[in-house]
Amino acid sequence: MTSHIALNDGNAIPRVGLGVWRLADGEAPRLVSEAIDAGYRHIDTAQAYQNEAGVGKGVKLAKIRRRDIWITSKLQTSLQGYDSALRAFDQTIKKLELDQLDLFLVHWPAPARGKYVETWKAFIELQQQGRIRSIGVSNFLPEHLERIIGETGVTPAVNQIELHPRFQQGASRDWHKQHGIVTESYSPLGGQGTALLQDAIIDRIAKRHGKSPAQVIVRWHLQLDLVVLPKSSKPERAVENLDVWNFALTEEDMSEIAGLDSPDGKTLPHPNELNG
Ligand SMILES: NC(=O)c1ccc[n+]([C@@H]2O[C@H](COP(=O)([O-])OP(=O)(O)OC[C@H]3O[C@@H](n4cnc5c(N)ncnc54)[C@H](OP(=O)(O)O)[C@@H]3O)[C@@H](O)[C@H]2O)c1
């Protein structure tokens with residue numbers, strides 16, 4: 001398996017990224033720089049996480065060339081709209097201390113605001129100006145994707161959605177594949193305070209391979225051709241979550257994990273509900 005996945009715009013995104021939701025801005029420089037020095041090549045932040053400045057400092061501290069690290073951020077939902085998205089992007093790039101962002105996402109469709117199409121038009125403009133390499137969305141359902149593609153002709157490079165063994169998102173994954181959109185898994189270990197890491201089936205598979213439950217789950221995402229964004233505030237766990245390249249889950253392992261899927265497995269709000 002290669003370390004990167006090709007996007008529909010010609011760029012290539014690293015398959016494993018460090019999620020930094022709930023990481024304090026002051027802690028981000030150390031954690032991010034250590035993670036990059038330990039091998040991470042992709043960091044997933046957002047305006048709403050309020051740690052873009054800390055992430056930017058971490059990238060500067062790390063021993064890495066700018067072109068070898070992929071940085072994603074996301075537009076805060078309250079800043080949707082054509083002009084406000086353009087202005088908000090200026091803030092992101094300033095906080096991260098970058099000339100160009102690798103990937104910018106519309107964080108939530110927020111359909112009650114009615115602004116995600118004009119917001120998407122601003123993203124297209126920013127990409128055309130060369131200020132963002134790739135543009136995408138998050139928490140979009142096929143109905144939202146159809147609308148932005150239909151009204152602009154531009155298909156997002158990725159859709160970042162909640163996805164883990166308890167909520168496997170088969171229908172969205174299929175839709176994305178048919179339309180050339182890469183699926184990114186957020187809350188890939190099951191989210192904050194996750195019980196998934198204590199699951200008996202995952203534990204049995206982990207013991208069979210001499211790996212940890214978290215490593216089995218990260219590997220499961222990779223074998224489904226997903227971009228996976230595990231978060232840990234503990235450097236040793238972040239390193240553990242990246243050490244997934246020297247083993248493979250069998251077909252039997254994959255089908256046992258497929259059996260964990262549940263319609264009640266979602267932990268964050270339904271995409272149409274979060275409009276704040
Ligand atoms: N687009 C969106 O709307 C959206 C929403 C949610 C998340 N995300 C992205 O996805 C990323 C990951 O999601 P998430 O933070 O919700 O959850 P997650 O990565 O599924 O799980 C994080 C939890 O697992 C623990 N953990 C991590 N590695 C571990 C290990 N090896 N062993 C034991 N426990 C471990 C973490 O604790 P410690 O920190 O204490 O290690 C934390 O409690 C976020 O950081 C963010 O970048 C995006």
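Student: In what order do the eight strands of the open sheet run, and which strands stand at the edges?

Tutor: The model is predicted, so local features need pLDDT of at least 70, side-chain atom pairs count only at pLDDT 80 or more, and totals for chains, interfaces and linings use all residues. Residues are numbered from 1 along each chain as its sequence is written. With strands taken as DSSP runs (E, at least two residues, numbered from the N terminus) that pair if DSSP finds at least two bridges between them, the eight strands form an open sheet with parallel pairing in the order E3-E4-E5-E6-E7-E8-E9-E10. One side of each edge strand is left without a neighbour in the sheet because each has a single partner strand, and these are E3 (18-19) and E10 (227-228).

Student: Which residue of E7 is the bridge partner of Leu105?

Tutor: Strand E6 (residues 101-106) pairs with strand E7 (residues 132-138) in the parallel sense, over five bridges. In E7, the bridge partner of Leu105 is Gly136.

Student: At what angle do the axes of H3 and H4 cross, and what is the handedness of the crossing?

Tutor: Helices are DSSP runs too (H or I, at least four residues), and their axes are lines fitted to C-alpha atoms over the stretch in contact, with angles from 0 to 180 degrees between N-to-C directions. The axes of H3 and H4 come within 8 Å, and the two helices are therefore oblique to each other (angles under 35 degrees count as roughly parallel, over 145 as roughly antiparallel, 65 to 115 as roughly perpendicular and the rest as oblique). A crossing is right-handed if the near helix is turned clockwise from the far one by less than a right angle, and left-handed if anticlockwise. For H3 and H4 the angle is roughly 45°, and the crossing is right-handed.

Student: How do the residues in the contact of H4 with H5 divide by class?

Tutor: The axes of helix H4 (residues 116-128) and helix H5 (residues 142-152) come within 10 Å and cross at roughly 55°. Contact requires C-beta atoms, placed from the backbone, within 7 Å, and the residues involved include Trp120 and Ile124 of H4 and Ile148 and Glu151 of H5. Ala, Val, Leu, Ile, Met, Phe, Trp, Tyr, Cys and Pro count as nonpolar, Asp, Glu, Lys and Arg as charged, and the others, Gly among them, as polar. The contact has five nonpolar, two polar and three charged residues.

Student: Which helix gives the most to the shell around the ligand?

Tutor: The ligand is surrounded by 30 residues, each with its C-beta atom, placed from the backbone, within 6 Å of it. With three residues, the helix that gives the most to this shell is H9 (residues 235-242).

Definitions and conventions:
Two residues are in contact if their C-beta atoms, placed from the backbone, lie within 7 Å.
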